[in-house]
Amino acid sequence: MGMKKLFTVFVCCAFLFSIAAFSTWAQPAAKALVEKECARCHGIAKVNKASKDAAAWEKTVDRMIKKGANIKAEEKDAVIKYLSTLNR
């Protein structure tokens with residue numbers, strides 16, 4: 001394998017690793033936010049029992065934001081991604 005191909009493979013692997021690491025890092029933050037904001041109005045057990053896909057969670061999160069959940073626009077995708085992993 002030539003040096004150029006080896007370098008390309010290395011860069012691709014490093015990129016994929018960084019995406020995986022960021023995703024793993026973001027999960028605890030999203031979980032903490034869900035636990036804090038959802039538990040303000042109802043028990044977290046209700047959230048943990050729900051089995052929804054990402055589209056359904058997006059509708060739910062939008063509705064909860066309108067009702068006062070303090071989830072910022074930049075946090076919303078991570079929250080939906082985390083919620084989508086529950087009961088799957």
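The chain of this predicted model averages a pLDDT of 82, and 75% of the residues score at least 70.

**Confidence**
- Over residues 18-25 the pLDDT falls below 50. Beyond near neighbours in sequence, that stretch has one contact in the model.
- Where pLDDT is low, predicted coordinates should not be read in detail.

**H3–H4 packing**
- The axes of H3 and helix H4 (residues 73-84) come within 9 Å. They cross at roughly 130°.
- H3 and H4 are therefore oblique to each other.
- Their crossing is right-handed.
- H3 makes the contact through Ala-54, Trp-57, Glu-58, Val-61, Asp-62 and Ile-65.
- H4 contributes Lys-76, Val-79, Ile-80, Leu-83 and Ser-84.

**Ring interactions**
- The ring of Trp-57 has the charged end of Lys-52 over it, 4.8 Å from the ring centre. Trp-57 is also one of the H3 residues in the contact with H4.
- Zero aromatic pairs turn up in a search of the whole structure.

Key. Residues are numbered from 1 along each chain as its sequence is written. This is a predicted model: local features need pLDDT of at least 70, side-chain atom pairs count only at pLDDT 80 or more; totals for chains, interfaces and linings use all residues. Side-chain values use heavy atoms; hydrogens and water are left out. Rings of Phe, Tyr and Trp (its six-membered ring) pair if their centres lie within 6.5 Å; planes under 30 degrees apart count as stacked, over 60 as edge-to-face and the rest as tilted. A charge sits over a ring if NZ of Lys or CZ of Arg is within 6 Å of the ring centre and within 35 degrees of the ring normal. pLDDT is the predictor's confidence in each residue, from 0 to 100. Contact means heavy atoms within 4.5 Å. Axes are lines fitted to C-alpha atoms, for helices over the stretch in contact, and angles run from 0 to 180 degrees between N-to-C directions. Helices (H or I, at least four residues) and strands (E, at least two) are DSSP runs, numbered from the N terminus. Angles under 35 degrees count as roughly parallel, over 145 as roughly antiparallel, 65 to 115 as roughly perpendicular and the rest as oblique. A crossing is left-handed if the near helix is turned anticlockwise from the far one by less than a right angle, and right-handed if clockwise.
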